[in-house]
Amino acid sequence: MSAAGWQGQRRPQTALALRDPPWVRALLIVLAVSVLLSFLVLPLAVVLMEALRPGLDAYAAALADDNTHHALLITLVAALLTVPLNLIFGIAAAWLVTRFRFPGKSLLITLIDLPFSVSPVVVGLSLVLLYGAHGWFGAWLVANGVKVVFALPGIVLATIFVTVPFVARELIPLMQAQGREEEEAALVLGANGWQVLRHVTLPNIRIGLLYGVILCNARAMGEFGAVSVVSGHIRGQTVTLPLHVEMLYQEYQTAAAFAVASMLALLALATLLAQHALEALRRPHPPEETSP
Amino acid sequence: MSAAATPLQVGLREARVRRPLVDGVLPGGRLAAGITIGWLGAIVLLPVAAVILASQPLDAAGFLAVSLEPRVLASYRLTFGMSLAAAAIDLVAGVLIAWVLVRYHFPGRRLLDTLVDLPFALPTAVAGIALGNLYAPNGWLGAPLAALGIEVAFKPLGVLVALTFIGLPFVVRTVQPVLVEIAAELEEVAATLGATRWQTFRHVVLPAILPAALTGFTLAFARAVGEYGSVIFVTGNIPYVSEITPLVIISRLEEYDYRGAAVVGATMLIFSFAILFVINALQAWGQRRSGLPG
């Protein structure tokens, strides 16, 4: 757990020899803080300022708009479908990778990471090529009256694709570090597979699991590029919150765009706070820094 | 070779023969393998295969002709060039921020540490309109920069700003844990041997964090190359000047040029695969260097 425990640990009384001269320290702190402020805090501040600039009434009106409500609904539906499915995948993948030996394991781990390095636009393109009118399954889908691209299923598939790795990525190192002794002991004591999972594995990984779910949800609700390609931008039908922001912005309804964006910014802040709280939970006994 | 196999050899051979494909004591291996491979196959690999195959009826020369036509080529130059520059800025700024957050204590440190992940958590479209507003000629940062004669928004430089923003956490978050893990003893020894703080940093700390820093650099670079949402609001999206490669794919799709879109998409996919192997190699190097088991 040491890797996760770095955050709040005060180094025990830095030795004199390791202390940087005060001016170096001051200079580096000022530099780092100004980079963080200008690069991270300012954009966030701009969103909130611009959203509230025309006044609270205009802000409330932008959020009360029917199109905004519908975009929120689509975003919630996409996230509610995506997160549980990728949660099940993440647990299965971590169970497979950390509890069994099989050929091609490192290739599998690389493939789980693949969505992280594929451009969201390529993800959208791939779904159009598969399920679009001219795609592999296009003719079959049309014949059966199923609409995937430019409809909700396409949005959900795109969201699932880009968030596939989140839960698995959190669980694999965690379950690797925990080892399988406790689960094997439960097995010897007569537990069946589901009981082992429910009473041993899941309680052990619950914080990592929650962490992965939070990251997965943030990305699911915020995904733009992949969803943008498959959405078709039909107001009130296939527009998610991020797409709604884009459309308002391009129609020069800047204040409304920032008002909707501020909802997503608050989601991001809530995500960061939850991450922060979970980091603290992850190191249950910080004083136990004993040297061997 | 004629000698009869010893019992041990027979046992080993049988063990090898009998070992199932998915090997382990715990139950659920087959089910987990089924879910994992089925889901990855249906959600990720099938669509990826569709992109590769849709670009295929072309022969290699035809592929290159489409993939390297002037407008696409100009977009590669912009995308890869700006991504490299952004990742380089992230490398320097990220190591600095990681160092300050790990080694120094000052008011607000925990808060800033939490905020580092903001570019991961903030939807890219929100980041895009925020940066576009911030760097616009009348924006908080755009106005002073414009006074200096530097135009950012709606110019190619806007691409750099957006890509630097989204890549920053990668370097900080890969370097931070390594900086914590470096044994204080090593730095103390260097100090005892008469090294200055700079020499200690240069010869003890830097080699230790190098693999992690390069991993962060590569992750930031990979993310930047594929980035779309935050960029399109900050730059002018003018073909040949400020049009990134993902946007070329979208233009091709809007023109119903599926083949062209697939060829450019496949080119980007090939890059994605290549970068995954680089990241794996860098991580293996880092694990060897820190002496941790893979």
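Which residues in α5(A) meet which residues in α13(B)? From α5(A) come A:Val121, A:Val122, A:Leu125 and A:Val128. From α13(B) come B:Pro246, B:Ile249, B:Ile250 and B:Leu253. This is a predicted model.

**Across the chains**

The crossing is left-handed. As for residue classes, this contact has eight nonpolar residues, no polar ones and no charged ones.

**Chain A overall**

Chain A has 13 helices and zero strands. Its pattern along the sequence is α-α-α-α-α-α-α-α-α-α-α-α-α. The C-alpha trace spans about 65 × 60 × 30 Å along its principal axes.

**Two helix pairs within chain A**

Consider α1(A) and α13(A). Helix α1 of chain A covers residues 22-52, and helix α13 of chain A covers residues 254-282. Their axes come within 8 Å. They cross at roughly 135 degrees. The two helices are therefore oblique to each other. α1(A) passes α13(A) in a left-handed crossing. On the α1(A) side, the contact is made by A:Leu44, A:Val46, A:Val47, A:Leu48, A:Glu50 and A:Ala51. On the α13(A) side, it is made by A:Ala255, A:Phe258, A:Ala259, A:Ala261, A:Ser262, A:Ala265 and A:Leu269. Eleven of these contact residues are nonpolar, one is polar and one is charged. Glu counts as charged, and A:Glu50 is part of this contact.

Now take α7(A) and α10(A). Helix α7 of chain A runs over residues 152-163, and helix α10 of chain A over residues 193-222. They pack at an angle of about 140 degrees, and their axes are 9 Å apart. Roughly antiparallel requires an angle over 145 degrees, so α7(A) and α10(A) are oblique to each other. Here the crossing is right-handed. A:Thr159, A:Val162 and A:Thr163 are the α7(A) residues. They meet A:Cys216, A:Arg219 and A:Ala220 of α10(A). The contact residues divide into three nonpolar, two polar and one charged.

| Helix pair | Angle | Axes | Crossing |
|---|---|---|---|
| α1(A) and α13(A) | roughly 135 degrees | within 8 Å | left-handed |
| α7(A) and α10(A) | about 140 degrees | 9 Å apart | right-handed |

**Domains of chain A**

Seven residues of domain 1 and ten residues of domain 2 take part in the contact. The two domains of chain A bury about 720 Å² between them. Carbon and sulfur atoms carry 82% of that area.

**Domains of chain B**

Chain B is likewise assigned two parts: domain 1 (25-54) and domain 2 (60-290). Their centres, over C-alpha atoms, are separated by 30 Å. Four residues of domain 1 of chain B contact six residues of domain 2 of chain B. The buried area between these domains is about 410 Å². Of this, 82% comes from carbon and sulfur atoms. On the domain 1 side of chain B, the residues losing the most area are B:Val51, B:Ile52 and B:Ala54. Together they account for 79% of what that side buries.

Terms used. Residues are numbered from 1 along each chain as its sequence is written. Chains are lettered from A and ligands numbered from 1 in the order in which they are written. This is a predicted model: local features need pLDDT of at least 70, side-chain atom pairs count only at pLDDT 80 or more; totals for chains, interfaces and linings use all residues. Side-chain values use heavy atoms; hydrogens and water are left out. Axes are lines fitted to C-alpha atoms, for helices over the stretch in contact, and angles run from 0 to 180 degrees between N-to-C directions. Helices (H or I, at least four residues) and strands (E, at least two) are DSSP runs, numbered from the N terminus. Angles under 35 degrees count as roughly parallel, over 145 as roughly antiparallel, 65 to 115 as roughly perpendicular and the rest as oblique. A crossing is left-handed if the near helix is turned anticlockwise from the far one by less than a right angle, and right-handed if clockwise. Contact means heavy atoms within 4.5 Å. Buried area is the accessible area (1.4 Å probe) that two parts lose on being put together, summed over both. Domain bounds come from an automatic or database domain assignment.
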